[in-house]
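Dear colleague,

Please find below the structure for your records. My notes on what was found in it follow.

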Amino acid sequence: MLPITKSTPFQAPSEQKLGAKRKPGAVTGYSGAHADRYSSKLPWKETFSFLHDHGGISNSQIVDYFRSVLGEDLQHTGWVYQKYCEAMKELSLVIMELLAISLGVDRLHYRRFFQDGHSIMRCNYYPPCNSASLTLGTGPHTDPTSLTILHQDQVGGLEVFVDNKWLAVRPRSEALVINIGDTFMALSNGRYKSCLHRALVNTYRERRSLVYFVCPREDKVVRPPDNLLCRNEQGSTLISHGPICLNSHRSTIGLMWPRSKASLSGNALPSHPTSSYLAAYDYWNCSWLM
């Protein structure tokens, strides 16, 4: 069962939601839609995002944030999300071990890299839309972060792009959806590919989901382990991606990823990942810099 009850930011009065509005350049807070990311077919959704510091000294960091931006009424909801994020952090570290094993690197390599990370928790709310064919919940994109852990309700709407077509991901109440993001694609030197996906809206039913974006600490340098680097005949190292420096004083990933303009607009299929058009991603503001 999703830890989303009637005591959520989405049911709060408009003035309370606007008081928690996400500020330019920030990742936390309430947003009516990521309108800055698409030129057409604006997302039909509301989001509420907050940070989860893996190595945080306080065991009530999320509770404190909820109280500061939403008031005492939602303090209990903050405790629910605090426990949820702690569980997702532990799960993500186990997944990192499995990914390391699959790649033939030190089992703890990625776990150590992410254990002091600063992840992002996002609550998504997709209201019913009587013109669902004219919009999207979220347009086609890959996640710029490392790993995405999704908990969706039973309404459905998530689709992934496989073999040149969109396929629905059927909701399962007992399962989570795990996506590889662009940053882990770089960390694996392209052995794992980031997952292109989108979210549809429903004509009659609201849809909700929880998304935990696993991120390294901002001052980490994203670089594949040495044994995943290829060498050419002259003995020079070939690296597909990076390194990327996640500088805590800048919000932009220090790498230009291949993108198509169509993928940024949200209204056409992107030519991922071979397009010659380049765009940088504003890591914390969740928008493409074109």
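Confidence in this predicted model, given as pLDDT (the predictor's confidence in each residue, from 0 to 100), is highest in helix H4 (residues 109-114), at a mean of 97, and lowest in helix H6 (residues 261-265), at 34. Helices here are DSSP runs of H or I with at least four residues, and strands are runs of E with at least two, numbered from the N terminus. Over residues 248-290 the pLDDT stays under 50. Where pLDDT is low, the predicted coordinates should not be read in detail. The chain average is 78.

As to conventions, residues are numbered from 1 along each chain as its sequence is written. Local features need pLDDT of at least 70, side-chain atom pairs count only at 80 or more, totals for chains, interfaces and linings use all residues, and side-chain values use heavy atoms, leaving out hydrogens and water.

The chain has six helices and 17 strands. Of its 290 residues, 53% are buried (under 20% relative accessible area; exposed is over 50%, partly exposed in between; 1.4 Å probe, protein chains only).

The structure holds 14 salt bridges (a side-chain nitrogen of Lys or Arg within 4 Å of a carboxyl oxygen of Asp or Glu). One of them joins Asp116 and Lys220 at 3.1 Å, N to O. Asp116 lies in the loop between H4 and strand E3 (118-126) and Lys220 in the loop between strands E10 (207-214) and E11 (221-222), so the pair ties together parts 104 residues apart in sequence. Asp116 is partly exposed, at 22%, whereas Lys220 is buried, at 14%. Both belong to a salt-bridge network that also includes Arg217 and Asp219.

Yours sincerely

Key:
Contact = heavy atoms within 4.5 Å.
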